[in-house]
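Please look at the sequence and the 3D structure below before reading on. The report that follows goes through the two chains and the places where their parts meet.

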Amino acid sequence: MSSRHSLEQYFSDADVSDETLDQLLRQARQKLEPNMRFIRRREAAVGITHSPFGPLLVAVGPNGLLMVRYLHVQSTSGGIAILRLKFDPVEDERVAEQVGDQIRRFLAGQHDALGYRADLSLVAGEFQRRALEQLAEVPCGAIVTYHALAATIGAPNAQRAVGSAMAANPIPIYVPCHRVVRSDGVIGHYGGGTRCKVELLRAEGFAIDKSLKIPADAVCGHRQTRIFCRTDCAAARRADPARMLIFASPRSALEAGMRACKLCHPT
Amino acid sequence: MMANPSLILPPPFEQAIGPYERDLMRFMLRMTGNRDDAMELFQEMCLRAYRAYPRLADVGEIRPWLYRIAVNLCRNRARDNARRARVIVDSSANHREPAVDDSSGSQDLGAIRALIAALPYKQREALTMRKISGLGYEQIAQALGCSVEGARANVSQALKKLKAEWNQL
């Protein structure tokens, strides 16, 4: 037998038959399965839906909504890459459509439309998680400043960091990062573009005009005392910023169950 | 970003690895030389690959990527085996099934096997990937972490050596 011939034969010959291989693979998989259980990522339903803001990438995990991503400014693949680090994505247009439907109704003024629970699994940092968790305490119809939100989480000088945390919010609209504005009354930036922020705030009763400022008749209310004041009231300025919410008008503050300040008479 | 973005999901892990499972098992059988080790390493490879799967940027490149994991595992195993010789307590219990169906193999094949086992480790890896698994040189280079020329050289040197030694027998 020539060397060439027998070497070639050796390489072309499947040394191990396919049946034996399959048997080995079956055995290996059987032993593998219990170990895989420990590291298997949970599944997340992923889909693209359409909103007045443009297409949205939506991901829903077993514990709630994981991601809403503005595809008119961000890439689909980037979102998938973030999601895949913790979940195994499965395509599911139906779930995405549900989320899209809720968002459309919300923008049409139905304030209780956002039914999905937010799951902050995709939030990277501890600080960001705290900021977003505290943000959930800001009700629809009220807003806070970056400074106030920073104070709420015990870092009163961290307004910039809070801004970054809001920018990295994986679930905009549901975790209401549009309800955070600048201390000078300008609404500030937004991940999906300022236009989105304006529309979201309008849907929540804030008449934002071209100047991008919160309305002049906005009042600030104290979370604990349930008293609301004009923004220039001396009593309000003395109060802890961490406890102040801003309402669009005296009327909306009254609706939120607050009473008017007896010093500045905001009504 | 796009007017009408489409959702392109990477395939689930099991689906992505499926077409290559047999080849990988075959590769591991050749590299470890026995079934128990090959099976164990195969499982380990699946675990590692699953864990790292999200960080694989391009799923089209999964084949060399899987081989890279396999190669590393086989190297580790070979090194460990060399460091501490196995203590054989009971020869019957520790009898390791050979990797190949020896019944079908002629003496010639046994001799070739011995020659291949004696090759430098990297050449053996490159040769096995080229000839048994049928990977391209670019993929071998990715799996071994060397240049394409390096992969080519390893394979050709291994073949040259094999042929020369075979002719001497």
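Chain B holds 8 helices and 0 strands, where helices (H or I, at least four residues) and strands (E, at least two) are DSSP runs, numbered from the N terminus. Read from the N terminus on, the elements of chain B therefore follow the order α-α-α-α-α-α-α-α. This is a predicted model, in which local features need pLDDT of at least 70 and side-chain atom pairs count only at pLDDT 80 or more, while totals for chains, interfaces and linings use all residues. Residues are numbered from 1 along each chain as its sequence is written, and chains are lettered from A and ligands numbered from 1 in the order in which they are written.

Of the 169 residues in chain B, 32% are buried; a residue is called buried if 20 or more other C-beta atoms, placed from the backbone, lie within 10 Å of its own, exposed if 12 or fewer do, and partly exposed in between. Among the contacts in chain B between residues at least 6 apart in sequence, 69% join residues at least 24 apart, two residues being in contact if their C-beta atoms, placed from the backbone, lie within 7 Å.

Chain B is divided into domain 1 (12-87) and domain 2 (105-169), with bounds that come from an automatic or database domain assignment. The C-alpha centres of these two domains of chain B lie 18 Å apart.

## Where the parts meet

Chain A has an open sheet of 4 strands in the order β3-β2-β1-β4, with mixed pairing, where two strands pair if DSSP finds at least two bridges between them. Because β3 (64-70) and β4 of chain A stand at the edges, each with a single partner strand, one side of each is left without a neighbour in the sheet. Strand β2 (residues 54-61) of chain A and β3(A) pair in the antiparallel sense over 6 bridges, and A:V58 stands opposite A:V68 in β3(A). Helix α3(A) packs on the sheet, touching β1, β2, β3 and β4 of chain A.

## One residue in α3 of chain A

Is A:T76 buried or exposed? A:T76, which is found in helix α3 of chain A, counts as buried because it has 20 C-beta neighbours inside 10 Å. Not counting residues up to four places away in sequence, A:T76 touches A:L57, A:L71, B:P5 and B:L7. The C-alpha atoms of A:T76 and A:V58, which are 18 residues apart along the chain, are separated by 10.0 Å.

Key. Axes are lines fitted to C-alpha atoms, for helices over the stretch in contact, and angles run from 0 to 180 degrees between N-to-C directions.
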